[in-house]
Amino acid sequence: LFAGPSEFVKGVVAMSGLPAADRIEVCFAGRSNVGKSSLINALTGTKGLARASNTPGRTQEINFFTQGPELYLVDLPGYGYANAPLKVVEKWQKLLKQYLSGRQTLRRAFVLIDTRHGVKPVDEEIMKLLDSAAVTFQCVLTKADKVKASDREKILTQVRGALAKHPAAYPEIVLTSSEKGDGIATLRAIINGLL
Ligand code: GTP
Ligand code: MG
(Lines give C-alpha, C1' and ligand atoms only; values in the text may rest on other atoms or scores of the structure.)
(Ligands and ions follow the chains in the order given, each with its own letter.)
Protein backbone atom coordinates (compact mmCIF):
# COMPACT_ATOMS: atom_id res chain seq x y z
CA LEU A 1 0.00 0.00 0.00
CA PHE A 2 1.08 3.59 -0.68
CA ALA A 3 3.49 2.32 -3.30
CA GLY A 4 1.40 3.34 -6.31
CA PRO A 5 -0.58 6.47 -7.15
CA SER A 6 -3.95 7.41 -5.70
CA GLU A 7 -6.76 8.46 -7.95
CA PHE A 8 -9.78 10.65 -7.38
CA VAL A 9 -12.93 8.58 -7.89
CA LYS A 10 -15.81 10.93 -7.15
CA GLY A 11 -17.24 13.63 -4.94
CA VAL A 12 -20.49 12.71 -3.26
CA VAL A 13 -23.24 15.08 -2.09
CA ALA A 14 -25.85 12.50 -1.03
CA MET A 15 -25.78 8.99 0.41
CA SER A 16 -27.32 7.72 -2.84
CA GLY A 17 -24.15 8.81 -4.65
CA LEU A 18 -21.73 6.71 -2.62
CA PRO A 19 -19.56 4.36 -4.67
CA ALA A 20 -20.24 0.63 -4.34
CA ALA A 21 -19.15 -0.62 -0.93
CA ASP A 22 -16.62 -3.01 -2.41
CA ARG A 23 -13.44 -1.76 -0.74
CA ILE A 24 -12.31 -1.08 2.78
CA GLU A 25 -12.50 2.60 3.67
CA VAL A 26 -10.78 4.91 6.08
CA CYS A 27 -12.03 8.46 6.41
CA PHE A 28 -10.60 11.72 7.68
CA ALA A 29 -12.91 13.82 9.81
CA GLY A 30 -12.25 17.00 11.72
CA ARG A 31 -13.02 20.66 12.13
CA SER A 32 -12.83 22.90 9.09
CA ASN A 33 -9.24 23.78 8.26
CA VAL A 34 -7.69 21.16 10.58
CA GLY A 35 -5.72 19.70 7.67
CA LYS A 36 -7.73 16.70 6.39
CA SER A 37 -7.10 17.25 2.69
CA SER A 38 -3.43 18.09 3.29
CA LEU A 39 -3.02 14.85 5.24
CA ILE A 40 -4.41 12.80 2.36
CA ASN A 41 -1.98 14.53 0.01
CA ALA A 42 0.91 13.78 2.37
CA LEU A 43 -0.11 10.13 2.81
CA THR A 44 -0.42 9.54 -0.91
CA GLY A 45 2.58 11.71 -1.77
CA THR A 46 0.42 13.54 -4.31
CA LYS A 47 0.27 17.31 -3.99
CA GLY A 48 -3.05 18.67 -5.16
CA LEU A 49 -4.86 15.31 -5.09
CA ALA A 50 -7.25 16.54 -2.42
CA ARG A 51 -7.90 20.27 -2.61
CA ALA A 52 -6.51 22.08 0.41
CA SER A 53 -6.83 25.76 1.17
CA ASN A 54 -6.63 28.26 3.95
CA THR A 55 -10.37 28.99 3.61
CA PRO A 56 -12.34 26.87 6.13
CA GLY A 57 -14.99 24.90 4.24
CA ARG A 58 -12.81 24.09 1.25
CA THR A 59 -13.94 20.47 0.98
CA GLN A 60 -17.68 20.50 0.34
CA GLU A 61 -18.32 16.93 -0.79
CA ILE A 62 -17.31 13.49 0.41
CA ASN A 63 -14.35 12.78 -1.82
CA PHE A 64 -13.23 9.24 -2.56
CA PHE A 65 -9.65 8.39 -3.54
CA THR A 66 -8.30 4.95 -4.34
CA GLN A 67 -5.09 3.67 -2.86
CA GLY A 68 -4.08 0.26 -4.17
CA PRO A 69 -6.77 -2.20 -5.27
CA GLU A 70 -8.62 -2.59 -1.99
CA LEU A 71 -8.76 0.74 -0.18
CA TYR A 72 -10.55 4.06 -0.36
CA LEU A 73 -9.24 7.12 1.42
CA VAL A 74 -12.21 9.38 2.12
CA ASP A 75 -11.87 13.14 2.55
CA LEU A 76 -14.79 14.66 4.43
CA PRO A 77 -16.15 18.19 4.65
CA GLY A 78 -15.11 19.86 7.88
CA TYR A 79 -17.41 20.55 10.79
CA GLY A 80 -17.57 23.61 12.97
CA TYR A 81 -17.01 27.01 11.41
CA ALA A 82 -16.98 27.07 7.63
CA ASN A 83 -16.87 29.99 5.26
CA ALA A 84 -20.16 29.07 3.54
CA PRO A 85 -23.88 29.85 3.96
CA LEU A 86 -25.53 28.20 6.98
CA LYS A 87 -28.03 26.22 4.87
CA VAL A 88 -25.21 24.74 2.83
CA VAL A 89 -23.19 23.89 5.93
CA GLU A 90 -26.23 22.18 7.48
CA LYS A 91 -26.56 20.02 4.39
CA TRP A 92 -22.92 18.86 4.61
CA GLN A 93 -23.26 18.18 8.32
CA LYS A 94 -26.28 15.98 7.74
CA LEU A 95 -24.47 14.04 5.03
CA LEU A 96 -21.35 13.74 7.18
CA LYS A 97 -23.35 12.25 10.04
CA GLN A 98 -25.21 9.87 7.74
CA TYR A 99 -21.93 8.72 6.23
CA LEU A 100 -20.12 8.26 9.54
CA SER A 101 -22.90 6.21 11.05
CA GLY A 102 -24.11 4.31 8.00
CA ARG A 103 -21.20 3.05 5.92
CA GLN A 104 -20.68 -0.71 6.20
CA THR A 105 -17.16 -0.73 4.79
CA LEU A 106 -15.83 2.10 6.96
CA ARG A 107 -13.03 0.36 8.86
CA ARG A 108 -11.69 3.32 10.83
CA ALA A 109 -12.38 7.04 11.12
CA PHE A 110 -9.40 9.24 11.76
CA VAL A 111 -10.50 12.23 13.81
CA LEU A 112 -8.08 15.06 13.21
CA ILE A 113 -7.30 17.48 15.99
CA ASP A 114 -5.17 20.61 15.59
CA THR A 115 -2.14 20.24 17.88
CA ARG A 116 -2.50 23.89 18.83
CA HIS A 117 -6.13 23.60 19.91
CA GLY A 118 -6.84 20.15 21.30
CA VAL A 119 -10.26 18.49 21.49
CA LYS A 120 -13.18 20.93 21.22
CA PRO A 121 -16.90 20.34 21.98
CA VAL A 122 -17.68 19.77 18.27
CA ASP A 123 -15.02 17.04 18.20
CA GLU A 124 -16.66 15.41 21.21
CA GLU A 125 -19.97 15.40 19.34
CA ILE A 126 -18.44 13.53 16.42
CA MET A 127 -16.77 11.11 18.82
CA LYS A 128 -20.14 10.41 20.46
CA LEU A 129 -21.69 9.77 17.07
CA LEU A 130 -18.90 7.29 16.27
CA ASP A 131 -19.41 5.60 19.66
CA SER A 132 -23.11 5.14 18.86
CA ALA A 133 -22.35 3.80 15.40
CA ALA A 134 -19.60 1.53 16.81
CA VAL A 135 -17.08 2.89 14.32
CA THR A 136 -13.56 2.68 15.73
CA PHE A 137 -11.88 6.05 15.55
CA GLN A 138 -8.32 7.18 16.08
CA CYS A 139 -7.06 10.68 16.81
CA VAL A 140 -4.48 12.27 14.57
CA LEU A 141 -2.92 15.49 15.78
CA THR A 142 -2.20 17.81 12.86
CA LYS A 143 0.11 20.77 12.22
CA ALA A 144 2.57 19.54 14.86
CA ASP A 145 5.18 21.76 13.19
CA LYS A 146 3.34 24.77 14.61
CA VAL A 147 3.79 23.67 18.21
CA LYS A 148 7.06 23.48 20.15
CA ALA A 149 7.99 19.95 21.18
CA SER A 150 7.92 21.09 24.82
CA ASP A 151 4.26 22.17 24.51
CA ARG A 152 2.99 19.04 22.76
CA GLU A 153 2.84 16.94 25.94
CA LYS A 154 0.12 19.16 27.40
CA ILE A 155 -2.12 18.66 24.36
CA LEU A 156 -1.44 14.92 24.31
CA THR A 157 -2.61 14.74 27.92
CA GLN A 158 -5.79 16.67 27.10
CA VAL A 159 -6.53 14.44 24.10
CA ARG A 160 -5.85 11.26 26.08
CA GLY A 161 -8.29 12.46 28.73
CA ALA A 162 -10.97 13.15 26.12
CA LEU A 163 -10.48 9.76 24.42
CA ALA A 164 -10.85 7.89 27.70
CA LYS A 165 -14.55 8.80 27.68
CA HIS A 166 -15.21 7.17 24.31
CA PRO A 167 -15.63 3.42 23.96
CA ALA A 168 -15.01 3.57 20.18
CA ALA A 169 -11.68 5.39 20.57
CA TYR A 170 -8.51 3.57 19.67
CA PRO A 171 -5.99 4.69 22.29
CA GLU A 172 -2.91 5.39 20.16
CA ILE A 173 -2.64 9.04 19.11
CA VAL A 174 -0.62 9.93 16.02
CA LEU A 175 1.24 13.23 15.93
CA THR A 176 1.63 14.50 12.36
CA SER A 177 2.79 17.33 10.20
CA SER A 178 1.73 17.18 6.57
CA GLU A 179 4.09 20.04 5.95
CA LYS A 180 7.21 18.43 7.45
CA GLY A 181 6.23 14.79 7.01
CA ASP A 182 6.25 13.85 10.71
CA GLY A 183 4.08 10.85 11.53
CA ILE A 184 3.14 10.18 7.92
CA ALA A 185 5.00 6.85 7.70
CA THR A 186 3.45 5.82 11.02
CA LEU A 187 -0.04 6.59 9.77
CA ARG A 188 0.58 4.71 6.52
CA ALA A 189 1.67 1.68 8.56
CA ILE A 190 -1.49 1.93 10.70
CA ILE A 191 -3.69 2.02 7.59
CA ASN A 192 -1.74 -0.89 6.08
CA GLY A 193 -2.45 -2.84 9.24
CA LEU A 194 -6.20 -2.45 8.72
CA LEU A 195 -6.23 -4.35 5.43
P1 GTP B 1 -11.71 21.92 5.03
O2 GTP B 1 -11.76 21.12 3.78
O3 GTP B 1 -12.00 23.34 4.80
O4 GTP B 1 -12.52 21.33 6.13
O5 GTP B 1 -10.17 21.94 5.56
P6 GTP B 1 -9.13 20.74 5.71
O7 GTP B 1 -9.29 20.12 7.05
O8 GTP B 1 -9.18 19.83 4.54
O9 GTP B 1 -7.74 21.53 5.76
P10 GTP B 1 -6.69 21.73 4.57
O11 GTP B 1 -5.96 20.46 4.32
O12 GTP B 1 -7.36 22.40 3.44
O13 GTP B 1 -5.63 22.70 5.29
C14 GTP B 1 -6.02 23.93 5.84
C15 GTP B 1 -4.82 24.83 5.92
O16 GTP B 1 -3.87 24.31 6.86
C17 GTP B 1 -4.04 24.96 4.59
O18 GTP B 1 -3.62 26.28 4.46
C19 GTP B 1 -2.87 24.01 4.77
O20 GTP B 1 -1.75 24.38 4.03
C21 GTP B 1 -2.60 24.15 6.26
N22 GTP B 1 -1.98 22.91 6.81
C23 GTP B 1 -2.45 21.66 6.70
N24 GTP B 1 -1.63 20.77 7.29
C25 GTP B 1 -0.60 21.48 7.80
C26 GTP B 1 0.58 21.13 8.55
O27 GTP B 1 0.88 19.98 8.86
N28 GTP B 1 1.40 22.16 8.91
C29 GTP B 1 1.11 23.45 8.61
N30 GTP B 1 1.97 24.38 9.04
N31 GTP B 1 0.03 23.81 7.90
C32 GTP B 1 -0.82 22.85 7.50
MG1 MG C 1 -10.52 19.70 3.01
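This report describes a predicted model of a protein with a ligand, moving from confidence to the sheet, the ligand shell and single residues.

## Model and conventions

Because this is a predicted model, local features need pLDDT of at least 70 and side-chain atom pairs count only at pLDDT 80 or more, while totals for chains, interfaces and linings use all residues. Residues are numbered from 1 along each chain as its sequence is written, and chains are lettered from A and ligands numbered from 1 in the order in which they are written.

The mean pLDDT of the protein (pLDDT being the predictor's confidence in each residue, from 0 to 100) is 95, and 100% of the residues reach 70 or more. The scores of the model are ipTM 0.99 and pTM 0.97.

## Annotated domain

An unreviewed UniProt entry carries the annotation "domain: EngB-type G" for residues 22-195; such positions are given in the numbering used here, feature names are shortened, and annotations may be inferred rather than shown by experiment. Over residues 22-195 the chain is 36% helix and 23% strand, with the end C-alpha atoms 13 Å apart. Helices (H or I, at least four residues) and strands (E, at least two) are DSSP runs, numbered from the N terminus.

An open sheet is formed by 7 strands in the order 1-3-4-2-5-6-7, with mixed pairing, where two strands pair if DSSP finds at least two bridges between them. Strand 1 (6-12) and strand 7 (169-175) stand at the edges, and each has a single partner strand, so one side of each is left without a neighbour in the sheet. Neighbouring strands of this sheet are turned by 25 degrees against each other on average, direction ignored; the axes behind such angles are lines fitted to C-alpha atoms, for helices over the stretch in contact, and angles run from 0 to 180 degrees between N-to-C directions.

Strand 2 (residues 24-30) pairs in the parallel sense with strand 5 (residues 106-114) over 6 bridges, and also in the parallel sense with strand 4 (residues 71-75) over 5 bridges. On the strand 5 side, Ala-29 stands opposite Val-111 and Phe-28 has Phe-110 as its bridge partner, whereas in strand 4 the residue opposite Val-26 is Leu-73. Strand 5 is in turn joined by 6 bridges to strand 6 (residues 137-142), the two running parallel, and Ala-109 has Phe-137 of strand 6 as its bridge partner.

A residue is called buried if 20 or more other C-beta atoms lie within 10 Å of its own, exposed if 12 or fewer, and partly exposed in between, with C-beta atoms placed from the backbone.

## The shell around ligand 1

Ligand 1 is surrounded by 24 residues, the closest being Gly-35, Ser-38, Ala-52, Thr-59 and Gly-78; a residue is near a molecule or strand if its C-beta atom, placed from the backbone, lies within 6 Å of it. By class, this shell has 4 nonpolar, 14 polar and 6 charged residues, where Ala, Val, Leu, Ile, Met, Phe, Trp, Tyr, Cys and Pro count as nonpolar, Asp, Glu, Lys and Arg as charged, and the others, Gly among them, as polar.

Helix 1 (residues 36-44) gives the most to the shell, with 3 residues. Helix 1 is mostly covered, as 9 of its 9 residues are buried, including Lys-36, Ser-38 and Asn-41. Just after helix 1, Gly-45 takes a positive phi of about 65 degrees.

## Single residues

Asn-33 lies in the loop between strand 2 and helix 1 and counts as buried because it has 23 C-beta neighbours inside 10 Å. Phe-2, in the segment before strand 1, has 19 such neighbours inside 10 Å and therefore counts as partly exposed.

Phe-65 belongs to strand 3 (residues 62-67) and, with 22 C-beta neighbours inside 10 Å, counts as buried. Phe-65 and Trp-92 are 27 residues apart in sequence, and their C-alpha atoms are 19 Å apart in space.
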